Amino acid sequence: MPPKILLPALLLLCAQPVLFAQKDNDNNVRISESRREFRFVKGNSANPVQVQEQSTRTYYCNSYRTEIPIVEFYSDVEKIDDVEILVDQSRKHGVTPRYEYYNSDGIFYSDARVCYFQLPLAKQATTSKVKFSKTILDPHYFTTIHFMESQQVNDGELRIVVPDWMQLELKELNFARYRITKTVEKKGGETIYTYRSVNLPALKRESSSPGISYYAPHIMVLNKYSETKDGRITFFNTLADQYKWYHSLVSSVENDKSQLAARAKEITTGLSGDEAKVRAIYQWVQDNIRYIAFEDGIAGFKPEKAQEVMNKKYGDCKGMANLMTELLSSLGIDARRCWIGTRHLAYDYSTPSLIVDNHMICVWMDKGKKVFLDGTEKYIGLGEVAERIQGRQVLIEDGDKFILDKVPVANYLQNTAYEKRTLSIEGSSVKGRITQNWKGENKEMLLSGLHAVKMDKQETALKSYLGDGKQNFEISGLKINNLLDYNKDASVEYDVNWKDVVTEFGEESYLEVDNRRSLENFRFDTTKRTLPYWFYFKDHLVFETDIKLPAGKKINELPGNLNIKQPGYFFKGEYKLNGPTLSYRCEIVLNQSEIRPEHFSQWNRDIDQLRNFYNQQIVLTKVK
Amino acid sequence: MTSTTKLRLSVAAIFLCIGLTASGQSKSNERYYKESAEIRETVFNWDKPEFKVRTVPDEFNKASKVVVAHHTELTADSKSKLVYYGLGFGGKKELSIMEIVREMVKVNDKVAVDYYSELSFSLFEKKSNLYKKDNSTTYVGVRIIKPDGKIREVNADEMVLTKDASKEKVAKLAIPDLQPGDIVDYFIATDLLMTNDFTTREYSVILFDEAPTMHHSFHGQLGKKFAVDYRSYNGAPDVKVTRNSDDDIVIDVTKKNMPAFETTLWVAPAVQLPFIRMNISLGTRKGRYGYAKAGEINKNKSADEVLTDKARTFGYEYYVSQAGGGLEQDEVVKLSKKRAKAAGTDFSDMRDEERAAFVYYNLRFSKILNFDIDAMERSIRSGEFTFNGLSSYLFNLMRKAQVRTGVLVSSTRTGFRMNEVMEEDDLRSTTFVGDQKKFITIRSIYDVPFETPQDIEGMGSTKTFGITPRALKAVGSGGDYANNTEQSPGFKVPMSDPSANAHIDKLKISLIPGQNTVAVKRNTTIRGHYKRDTQRALILYEDFYESERKLLGEEMSLLEKLEDSKRGRKYVEEVKNAFAEARKKQKDAFLEEAKGWFEQEITNLKDYKVESMGVRHTAPDLVYSSSFDMDGLVKKAGNNFIFEVGKIQASPLTIKPEQRKRDMDIFMSFPRSIEFQVEVKVPEGYTVEGLEAINKNVVNDAGAFVASATLTGDMVRIVMSRKYNHAYEPSANWDKLLAFIDAGSEWSNSKILFRKK
């Protein structure tokens, strides 16, 4: 075969980086000046009111030369008109912006696109400048303006220029902790809102934290209406306007009633009573409709036809909600589509805007009682509600009107995971039978994990999960009581031979009872974490063990009990002796799904106590 | 010059977000849709009985998916054309290659449904210049066959574009109505149109799959101007190659009823699993200089031919180093002589190995570790980069430094066998120096002269390359560069022993009664093939540079050198800042390394230091130390407490139940050992018990697990070592491996008791 050329001079070009660690330029680069202006202008017949955005950010190199990524989003309704880049005051920098579709996890296709490039900072104490000119074609989509950036912003100015023909409200959120001032000026038929910020820190993101709308300073732009000589255009003046727009979208969906009715009948054949039918329809959608989301333009707001989702077996939340609503309605059951913002969003419907919701579900109006059905929650039972929508305001379809309500808040008992062991000691092993039950979101988590494993590997995976992957925790006689019907608890039982768990030292034997040790390492690094921690859900873990002591052995002293009670959680653990049986019980309750930073230290102390409790060994001595 | 294009015809990967291959659409949408429909009509109506099967044997019902049929159809043709290039007329070869891969899969569970629920593919790519307009178009077809036999064809034209540039389009298609129990029948067809492309296209017919496969086949029909090399590996069926009446080359492979194979621990597919490789290219009239000859069919091409190709590349690189290139190497040699003189050493008096190492260190310092203010972050991150060994470069450098040198050409331990190689890339070139034939490589800045790369250890069937006396006298351009290369029989590469690739942790542990945390003073030595990742994590560029600078006799530090230059002076401050930033992060790196190694909560890290970087042949071990507090080892037991010493080894390898039965030979990375030497002082007022239970001694031919505990005064000393003697074990030794692996796993539960007096 022909030779390949490898010129020695290419020595360094042959080098391939092994990894691209994300550079931590927090302190090296800051935005010394940020100037942004949003100006409402009259557009064309297709888009009569538009918003022009000009942003100029000057990046300053504090310590050493580097490059930083610049990313600007756009879409079908938000165009980038121009990008200007200056590096150390020069246009000769060789930087070319790239424009691509934006791939977002969980979204099959959307109109979101991204303009991006690496911006060089030529050397210490120099600046690079980036100017974006953009046009938002429809004020419906102009919902928020954030102040924080990936870098610290020393001197920020944000101007919103609103002509008299445009009516809006600006709602300021999370300003309290930051130095942001506002002035309002009336000038030549325009109102100019100017916000100045000083030394805004860089935007922080931490795992399992609330969405940025909870803590980052920003403005909600509530566009009411425009009034020009061409007439009045109402955006979302009131929630009724927002509902009207949503309702018009769902009303225009051409659902094929007869096809849906036939399928609904087929699914519910032999069932009587609404609840059984609702349960069957809900589980059919959970089992059969895969989550594939298209968010291309209006498809981000308008559900796909129900029969399309039903036949294609895929859809997004809107598609599933619409399908469930139509299937149930065809059976004469009162079901409605609902719009809702998940807990990731800090907003509710008191501020009508497209930003306040991000999800669609279905509600069954059961004689005045509302039962919410979320087709995207794949392994949850009827009446169980995921943490992410609990307590959230929900906009329920009601013909031309709407119902504003809240999804009920479930307590931790919805998600109980219960484990009961009946064991006896045989030499260095502990043997016996174990039963485990999971409810609610614990059940959903287990089943999601299990169904992500190939069918022929599921039993092995389940055993590995039950035994925490430990080789000395041998499981046999696995009986699956229920892992298929999400409307019942998930439940398994099995025999265990837990080897090498009893250690002999002289005439004493030492035993550690709890190998689950839930939450034992769940500490917060208080030197680093600044944002609240959000658990996936409120949790309830109960672990009970009865161990029959071997003949000739006794326990002189039981380890001390654990009893920690805080407003958001409690940990309770105790040992008891009932004749020759040692009973152990540990209960962990997270009755709130959030731990706030001011409680991290207390939480860490409590976790230390929990770990100390787990670390206590049972000492068995010979009966003399 | 051409390059080799690799194309693997295993479509299993297609459903992951892939760019299958170049594909294109230079035609209007309307035409594309029409052609797409025609191809679907054709492919879905292939007269192949295997694609008419609708049931799978009962024994496969529990499999996540079953490949009912998999077929690749390859058609390639070429024609000559006379074209006007602007300066005159010339000939060109137009190639047309159609590759169709069709697969029919029964999906039995949600995992399989999810896998096949989205199809991503590169739809369009155009590569054109003044002389050629290459493009390719990809067509897809998908249909779902329901258990009742009903067929639903997916409208493939409903694809969405996720990249829509003029020269490249990438598309995605959501697959509707797919449920467990269905059969998904799909194909991807790529029509490539190319000009003067003599590229070798590699096709691999992979005859092992994680899913059971009922029928797997390949059919190729190549025009008579094409050439094909092919070989079956590891028990794969023979390839049937014939010619039809038009003299076209016809290739057929069929394999039925392949059981599922799941890649398990320590497998080397190239020498253990069945597959077929075919190299297909447009041939030239004479087939010289590495180009295939038109119409040539080679079954099991001789490794000598591949070696000749390799020799040609080597000869060419020598030519370049002599004529017009090699200035960089001359400069390094000159610098080495200068530095040797400054150190009071006569460069010409140095022995081969000594001189080789000296030149090597000068090369590394001046060309790889050199600091470039205009690429400062790249300089600081130079440890993150890998190189390909740079054998020719090093050979020519050593030759210029008058070091006796050569290049060993071999296959790799887990790569194709030497007598089964098919192309240059299957072979590894490694430079050696001196009488002892010790290796020098540049794969990263941390390489140490005279260490043998792990992937060629133990290789016996080898060749060496040098330069012919004639070429040494005068090398000219033109002709076959292979003639510059002198090939000689090679030598057996030694195998390292487990002590050469070692991770040794010395831990001094202080216990405080009543506390769960222990204080640890740690000193770690890492040797041989184990070092690289830890070096990358812990060694600072500045420290590396300064250490080498001193060893090479450079007086001024990097910062002093910058201060000393008119241009550099301006940048000293920011270089200091960048170095300070890197140093600040070193603590986190030490912390993460310790957490990762011990798998316990580590706090209060201090006194962290790299004692020896392990980048010199005179001090090849990486040695570092630190102290910290560690959780998770101590448990309260009434008035006493238990020290869970077994946990010091974190999570040792455990063999899963499904892996315990093994018929395949075992290919591991290298012989290796891990050792913990733990010292624990018995706290005042306590006695220690249970030391005898710590002792474990499982030693056999394959390796060992040995643990011992002794008490001297109030000091408990525990030594634990795990050793894998070889990189390769025959399957017959699996039980021996299991014996000491299991012993190590059981030892994880080892405890000692500190009893209150």
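The model is predicted, so local features need pLDDT of at least 70 and side-chain atom pairs count only at pLDDT 80 or more, while totals for chains, interfaces and linings use all residues. Residues are numbered from 1 along each chain as its sequence is written, chains are lettered from A and ligands numbered from 1 in the order in which they are written, and side-chain values use heavy atoms, with hydrogens and water left out.

**Helix α6 of chain A**

- Helices here are DSSP runs of H or I with at least four residues, strands are runs of E with at least two, and both are numbered from the N terminus.
- Most of α6(A) is covered, with 9 of its 12 residues buried; buried means under 20% relative accessible area, exposed over 50%, and partly exposed in between, using a 1.4 Å probe and protein chains only.
- Among the buried residues are A:Glu441, A:Lys443, A:Leu446, A:Leu447 and A:Leu450.
- The cover over these buried residues includes β25 (416–426), β26 (429–438) and α7 (458–466) of chain A, together with α2 (110–115) of chain B.

**The second largest cavity**

- The structure holds 8 cavities of 30 Å³ or more. A cavity is a set of points, on a 1 Å grid over the protein atoms alone, where a 1.4 Å probe fits but cannot get out, and lining residues have an atom within 4 Å of a point.
- Strands β2 (29–42), β11 (153–163) and β14 (190–200) of chain A each supply at least two lining residues, and β11(A) gives the largest share, 4 residues.

- Beyond residues up to four places away in sequence, A:Thr194 touches A:Glu157, A:Leu158, A:Arg159, A:Thr181, A:Lys182 and A:Thr183; contact means heavy atoms within 4.5 Å.
- Leaving aside neighbours within four places in sequence, B:Ala709 is in contact with B:Leu691, B:Ile694, B:Asn695, B:Arg717 and B:Ile718.

**Aromatic pairs**

- Rings of Phe, Tyr and Trp (its six-membered ring) pair if their centres lie within 6.5 Å; planes under 30 degrees apart count as stacked, over 60 as edge-to-face and the rest as tilted.
- A:Phe524 and A:Tyr533 form a tilted pair, 5.4 Å centre to centre with 55° between the planes, and both residues are buried.
- B:Tyr530 and B:Phe670 have ring centres 5.5 Å apart and planes at 85°, so this pair is edge-to-face. The pair links distant parts of the chain, 140 residues apart.
- B:Tyr530 is partly exposed at 24% relative accessibility, whereas B:Phe670 is buried at 8%.
- Ring pairs also join A:Tyr141, A:Phe236, A:Tyr243, A:Trp245, A:Tyr246, A:Phe301, A:Trp339 and A:Phe402 into a cluster.

Technical notes. On a 1 Å grid over the protein atoms alone, a cavity is a set of points where a 1.4 Å probe fits but cannot get out, and a pocket is an open set with protein on both sides within 12 Å along at least five of seven lines; lining residues have an atom within 4 Å of a point. Grid points are joined across faces, edges and corners, and a volume is the space filled by probe spheres set on the points.
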